[in-house]
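Here is a friendly briefing on one protein model, with the sequence and structure to follow along. Have both open as you read.

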Amino acid sequence: AITRVAEHFSKNQRKSLIVMATGAGKTRTVIALSELFQRCNWAKRVLFLADRVALVKQACNAFKRHLPDSSPVNLVTEKDEASSRVYVSTYPTMMRMINEMDGGMRRFGVGHFDLVVIDEAHRSVYQKYRAIFDYFDSFLVGLTATPKDEVDRNTYSLFDLEKGAPTAAYELSQAVADGFLVPPKPVEVPLRFLRHGIKYDELSEEEKEEWDRIEWDEEGGHPEAIDAAALNKWLFNADTVDKVLETLMTRGTKVSGGDVLGKTIVFAKNHDHAMFIQERFDKNYPHYKGSFARVIDNYEVYAENLLDDFSTAEKLPQIAISVDMLDTGIDIPEVVNLVFFKIVRSKTKFFQMVGRGTRLCLDLFGPGQHKEFFYIFDFCQNLEFFNQNAKGIEGSSQEPLSTKLFKTRLELLESFRDMDSPEDAILKLDRELVGTLQGVVQAMNTDNFIVRPHREQVEKYREASAWEKLNPVNFAEIAHILAGLPSEQAPEDETAKRFDLLMLKLQLAVLNADKSFVPLRDQVIEIAHRLEDKSSIPMVKEQQDFILDIQQEEYWADITLTMLEEIRRRLRDLVKFIDKKQRNIIYTDFEDTLGDIRPVPLRGVMFATELTQYRKKVMHFLQEQGNHIAIHKLKRNVPITVSDIAELERIFFESGEIGTREDFEKAYGKQEHLGLFIRKLVGLNREAAKEAFGVYLSRKTLSANQIRFIDQIIDYLTQNGVMDPGLLYEPPFTDFSPEGLDGVFSDAEANEIVSILDAIRKRAAA
């Protein structure tokens, strides 16, 4: 990957690229890139950006270990040091620092960094933080462990790359096959409640009595059943958690001679779920209480200290119960068990979580006894889901609420301007919209580095005259440039802003006679209904009659934009008093049923043992087909044709003997020339290799050294089928001369040898 990076920057005009690397490979890539750029004098200062404090700390420690002379600085916790060559920061910290002024000068100018490295480049860096990358005039490298087909199109566009085509990619399956990471042993553990929910009729008589005693809701009702989705969200069943913990403690990988459970991450659904897991663990295993299993999430005040302890082999906790915090980025080689106690439907997220267990760990089980695999205990059918839905379900990045409001107001204004003869009421609403939008623009600070590049447009639309006559080009300019820029208006209550957005959408629905009107109207009626219960609050009591009117069906019969605007103005500051709907947490102890625990494959990733077996199958197949005309041609250095390639594809992918094309590409990647690939596997007949050099040898009187050199080439071709001329300048060919080919042969002779190798290659690539 580093070689590809160096070639990219030395040969191409572009200053950005993206590298796909797995876990620990990303750390090594960052270190190697920084060293490469500094040694080549391409970069005096390097900036590494990550999205979490823990990842920044982890990266800074890695720089201190491997590049101590670079004096790395963690900008989240330390001061900028003039002697530093490597700076590590979170995105928000860097956004703030770029805007900091000292004596009229920015703390970091546009040329302060020569190389910017982005960690976790698959995330919403494009939408949230692109301004950082546009600001610095530097080389830009993005790192991600996410499969290349899952990275967002906008992320690729940030690096001027075609979607799905990173500069360099080193996939998880390849890293496992090469021995740099370890594979998982996925285990499916079915629990009845987590799959089918809890049904009253299926409970014992004693459990039915417990069910009847539970206060399920304020009305005192008793449901017939509880859906599986409720478990671990607001209903926590002790026996379900106990069975999960028992499975882990009895079947999980042990260390310390098999006496202690190895480092384990339990992925919990939410904070309450995590705390309940820890509570049940402490009750069931009192000798471990308080330290062996700990919740590590954003609610924990000392989460960073706990994470440091969990990352240290000799320290407790052994079990980290995580809510999002350990899902990605954390590099702990000692982790040998992963427990999926929550549903995951994003392929990107799932494989990031799986990656927490893939790190190599030497001597983990004693001298010479290395970590060779890790367990995945899946209690929530994630393995089953991804085996059936290879791509998973991906979410979309959301626009900020302020941007949505700005764009919706602008869309409403454009609708008003499209009217031929608007009424006075519409003209009044038009003026109010313009006043609101213009106010947002006037509060944009042109000294802000995000706003500054768009200063011309900001200053233009600060003026009232610019809003008088807007054409489609103006509307597009405002929407695409100004809508997403930060404004320094006084902050407003979020619930009020969300109500504004709801009412603006309602106004658009009325204007466009859109079918969304009914569900939007019903949301407003529900809000009014819930406000009715807050009449003890003076502000709400003042509007009580109006609140009652809104709930009547006749109020909406001939609704107008002005009436909707009145609702917005009169209720926007009241919605904050509404209680958020929240289910009471219910704790139960019904007996759950544990099904058969069984190992399952993880489709979409082919790991070391599978790859080895598949490649053996391919080689055996080629040996059996050795007399096939196309394979015979490849071995004898006879030029193959397009029809030969078609026949090879038929016997390879249609015979069914070596699996599908997908299986083949998982093992070997996409091959541009199938004939060339097969030649590399079967080699070249030795007599055919000699014959390729026959004419050359017959016309030359060679020295003993030159003859041995040619024999070495023939040996290589016999084994590997084709040869890259660049290998003639590496060992063992440099044993004949430090200059390799050029030191043994004249320029003309060397060129002729390279031409022969090129001809051999071309005969296998139709």
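In which sense, left-handed or right-handed, does H25 pass H26 in their crossing? H25 passes H26 in a left-handed crossing, a term used when the near helix is turned anticlockwise from the far one by less than a right angle, with clockwise being right-handed. This is a predicted model, in which local features need pLDDT of at least 70 and side-chain atom pairs count only at pLDDT 80 or more, while totals for chains, interfaces and linings use all residues. Residues are numbered from 1 along each chain as its sequence is written, and side-chain values use heavy atoms, with hydrogens and water left out.

**The H25 and H26 pair**

- Helix H25 (residues 629-636) packs against helix H26 (residues 642-653) at an angle of about 120 degrees, with axes 9 Å apart; axes are lines fitted to C-alpha atoms, for helices over the stretch in contact, and angles run from 0 to 180 degrees between N-to-C directions.
- Ala630, Ile631, Lys633 and Leu634 of H25 make the contact with Asp644, Leu648 and Ile651 of H26, where contact means heavy atoms within 4.5 Å.
- Helices (H or I, at least four residues) and strands (E, at least two) are DSSP runs, numbered from the N terminus.

**The sheet**

- Seven strands form an open sheet in the order S17-S18-S16-S19-S20-S10-S22, with mixed pairing; two strands pair if DSSP finds at least two bridges between them.
- At the edges are strand S17 (293-296) and strand S22 (598-599), each pairing on one side only.
- Strand S10 (residues 184-188) pairs with S22 in the antiparallel sense over two bridges, and glutamate 188 has arginine 598 in S22 as its bridge partner.
- Helix H11 (residues 271-284) lies across strand S16 (263-267), S17 and strand S18 (319-322), and runs at about 170 degrees to S17.
- Helix H13 (residues 347-354) lies across S16, strand S19 (335-340) and strand S20 (374-378), at about 145 degrees to S19.

**The cavity**

- The whole structure has one cavity of 30 Å³ or more: on a 1 Å grid over the protein atoms alone, a cavity is a set of points where a 1.4 Å probe fits but cannot get out, and lining residues have an atom within 4 Å of a point.
- The largest cavity holds about 40 Å³ of space, a volume being the space filled by probe spheres set on the points, which are joined across faces, edges and corners.
- Its lining residues include Val241, Val266, Ile277 and Phe341, and helix H10 (residues 238-251) gives the most, with four residues.

Key
On a 1 Å grid over the protein atoms alone, a cavity is a set of points where a 1.4 Å probe fits but cannot get out, and a pocket is an open set with protein on both sides within 12 Å along at least five of seven lines; lining residues have an atom within 4 Å of a point.
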